[in-house]
Amino acid sequence: MLELLKTSVNDKVIISLSGHGLLSKDLDFYYATYDIDFYHPEHNGLLYDDLENLLEEIPARNKLLLVNACHRG
């Protein structure tokens, strides 16, 4: 994350995630981390909203987030 904060407004940032995703009981999407609790994705899962917030903090104007993840259920 620290490297991404060092970008300038003229840089281009591409973040790509491929793996599994899950929906919580509240239908929030979580990207599955290596230690996720598949029955409670809010425990150690990466909330999609947090990924969006990460993009907002990066100074680069040109940003692309690619998420390739299914969700069960």
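Predicted model: local features only at pLDDT ≥ 70, side-chain atom pairs only at ≥ 80, totals over all residues.

Visitor: How many helices and strands does the chain have?

Guide: It has two helices and four strands. Both are DSSP runs, numbered from the N terminus: a helix is H or I with at least four residues, a strand is E with at least two. Along the sequence the pattern reads α-β-β-β-α-β. The C-alpha trace spans about 40 × 20 × 20 Å along its principal axes.

Visitor: Why is threonine 7 called buried?

Guide: Buried means under 20% relative accessible area, exposed means over 50%, and partly exposed is in between (1.4 Å probe, protein chains only). Threonine 7 has 16% relative accessibility, so it counts as buried. Threonine 7 sits in the loop between helix H1 (2-5) and S1. Of the 73 residues of the chain, 27% count as buried.

Visitor: What does the side chain of threonine 7 reach?

Guide: It reaches the backbone oxygen of leucine 4 at 2.9 Å. It also reaches the backbone nitrogen of alanine 60 at 3.3 Å. A polar contact is a pair of N or O atoms within 3.5 Å; within protein, one must be able to donate a hydrogen and the other to accept it, and residues adjacent in sequence count only if both atoms are side-chain atoms.

Visitor: Which residues is threonine 7 in contact with, leaving aside neighbours within four places in sequence?

Guide: Val13, Ile58, Pro59 and Ala60. Contact means heavy atoms within 4.5 Å.

Visitor: Is serine 24 buried or exposed?

Guide: Serine 24 has 8% relative accessibility, so it counts as buried. Its place is in the loop between S1 and S2. Setting aside neighbours within four places, serine 24 is in contact with Tyr30, Pro41 and Glu42.

Visitor: Which residues make up the largest nonpolar core?

Guide: There are ten: Val13, Ile15, Leu17, Tyr31, Leu51, Leu54, Leu55, Ile58, Ala60 and Leu65. Strand S1 (12-23) and helix H2 (48-57) each supply at least two residues of this core. A nonpolar core is a set of buried Ala, Val, Leu, Ile, Met, Phe, Trp, Tyr and Cys residues joined through side-chain atoms within 4.5 Å. In soluble globular proteins, nonpolar side chains tend to be buried together.

Visitor: What is leucine 17 in contact with, beyond neighbours within four places in sequence?

Guide: Leucine 17 is in contact with Tyr31, Leu51, Leu66, Val67 and Asn68.

Visitor: Why does leucine 66 count as partly exposed?

Guide: Its relative accessibility is 40%, so leucine 66 counts as partly exposed. Leucine 66 lies in strand S4 (residues 62-71). Leucine 66 and isoleucine 15 are 51 residues apart in sequence, yet 6.2 Å apart in space, C-alpha to C-alpha.

Visitor: Which residues form a nonpolar patch on the surface?

Guide: Ile14, Leu64 and Leu66, with about 280 Å² of accessible area together. Accessible areas come from the Shrake-Rupley method with a 1.4 Å probe; for residues, only the protein chains shown count as cover. Patches are made of residues with over 30% relative accessible area and no salt bridge: like charges are joined within 9 Å, nonpolar side chains (Val, Leu, Ile, Met, Phe, Trp, Tyr) within 5 Å. Isoleucine 14 is in strand S1. At 61% relative accessibility, isoleucine 14 counts as exposed.

Visitor: What makes lysine 6 and glutamate 3 a salt bridge?

Guide: A salt bridge is a side-chain nitrogen of Lys or Arg within 4 Å of a carboxyl oxygen of Asp or Glu. In this pair the closest N and O atoms are 3.3 Å apart. Side chains of opposite charge can pair when their charged atoms come close. The structure holds one salt bridge. Lysine 6 has 61% relative accessibility, so it counts as exposed. Glutamate 3 is exposed too, with a relative accessible area of 57%.

Visitor: What is the phi of leucine 27?

Guide: Its phi is positive, about 65°, although leucine 27 is not a glycine. Leucine 27 lies in the loop between S1 and strand S2 (29-31). At 64% relative accessibility, leucine 27 counts as exposed.

Definitions and conventions:
Residues numbered from 1 in each chain as written. Heavy atoms only, no water.
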